[in-house]
Every structure is written in C-alpha cells, then in structure tokens.
Amino acid sequence: MLLRSSVLLALLANPALAGDPAVGEKEFNKCKACHALVAFDGTVVVKGGKTGPNLYGVIGRPVGGMPEYVYGPALLAAGADGQAWDEASLALYVSDPNKWVQEKTGDPGLKTRMTFKLAKGGEDVAAYLATLK
C-alpha cells in the first residue's frame with residue numbers, strides 16, 4: 001500500500017533526519033518499560049520489558065517482522081507490503097503509533113497495542129536504534 005499524503009509529506013519535509021544518537025540513548029529510558037535491547041548473540045544492551053518486541057536491530061527489519069514476537073493485527077497490516085523500518089518511519093511511528101498505522105494502511109479503524117506516544121525526540125531514539133546492528 002502507498003503511504004498516505006500526510007505521512008509522505010512528513011517524510012519529504014525531513015529527508016535526512018538529524019537525530020542525535022546520544023540524546024536518543026537517554027530518551028530510550030522512556031521505552032524500556034516495554035522494550036528491551038538484546039543483541040543477536042544474546043548480550044543484553046538494555047534490560048527492558050517484554051510487552052513490546054526487542055528493538056535491537058529494528059532499523060532495517062520489516063515492519064512487524066520479528067519472528068519471536070506476536071504482533072497485533074494493526075502492525076501486521078502495516079507491514080503487509082514488506083516495508084522495513086527506517087529512521088524516518090520509526091520516528092513518525094513513535095510519535096503516534098495509531099495515526100501512523102491508520103495512514104499507512106488507509107484503515108482508520110486499526111489500533112496498535114502501543115499506547116505510548118513519544119511527544120518529542122523520536123528522531124533521536126531512531127538514530128540511537130540505528131546504531132545497534
């Protein structure tokens with residue numbers, strides 16, 4: 001599916017995110033209640049909750065594509081086109097997960113399991129997560 005116009009405009013308005021990974025690392029403290037960062041070899045980078053998927057290596061991973069995690073219908077629908085997370089899409093998603101999914105799929109009835117919205121600093125968190133490969 002094609003991105004809806006407001007998401008596309010946001011991406012075009014900010015083609016090169018200027019996120020600060022150091023700031024994002026601190027901002028990630030807001031995320032660790034639900035998300036851990038565990039490297040592919042099992043090394044725990046950030047001990048966090050298991051409500052959400054492990055976010056280590058999320059940049060480049062298909063949306064809804066971590067095999068060990070059971071995603072809800074909204075994120076599965078958003079990832080049905082095979083899109084992978086990049087810094088821009090992740091920054092938009094964390095600012096308003098439901099809005100991002102609804103605009104991406106064109107289905108205003110879809111709701112994600114992620115209820116938290118990161119009011120600011122999404123670019124920084126995405127830049128930090130991009131460093132974890």
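How close do the axes of H4 and H6 come, and at what angle do they cross? They come within 8 Å and cross at roughly 135 degrees.

## Basis

This is a predicted model; local features need pLDDT of at least 70, side-chain atom pairs count only at pLDDT 80 or more, and totals for chains, interfaces and linings use all residues. Residues are numbered from 1 along each chain as its sequence is written, and side-chain values use heavy atoms, with hydrogens and water left out.

## H4 against H6

Helices are DSSP runs (H or I, at least four residues), numbered from the N terminus. Axes are lines fitted to C-alpha atoms over the stretch in contact, with angles from 0 to 180 degrees between N-to-C directions. H4 and H6 are oblique to each other.

Contact means heavy atoms within 4.5 Å. From H4, Glu87, Leu90, Ala91 and Val94 meet Gly122, Glu123, Ala126, Ala127, Leu129 and Ala130 of H6.

## Nonpolar core

The largest nonpolar core has 29 residues, and Phe28 and Leu129 touch the most other members. Such a core is a set of buried Ala, Val, Leu, Ile, Met, Phe, Trp, Tyr and Cys residues joined through side-chain atoms within 4.5 Å. H3 (73-78), H4 (87-95), H5 and H6 (122-130) each supply at least two of its residues.

Leaving aside residues up to four places away in sequence, Phe28 touches His35, Leu37, Val46, Leu55, Val125, Tyr128 and Leu129.

## Helix H5

H5 spans residues 97-105, and seven of its nine residues are buried (under 20% relative accessible area, 1.4 Å probe, protein chains only). Among them are Pro97, Trp100 and Val101. Just after H5, Gly106 takes a positive phi of about 80 degrees.

Key
Buried < 20%, exposed > 50% of the residue type's maximum accessible area, 1.4 Å probe, protein only. Parallel < 35°, antiparallel > 145°, perpendicular 65-115°, else oblique.
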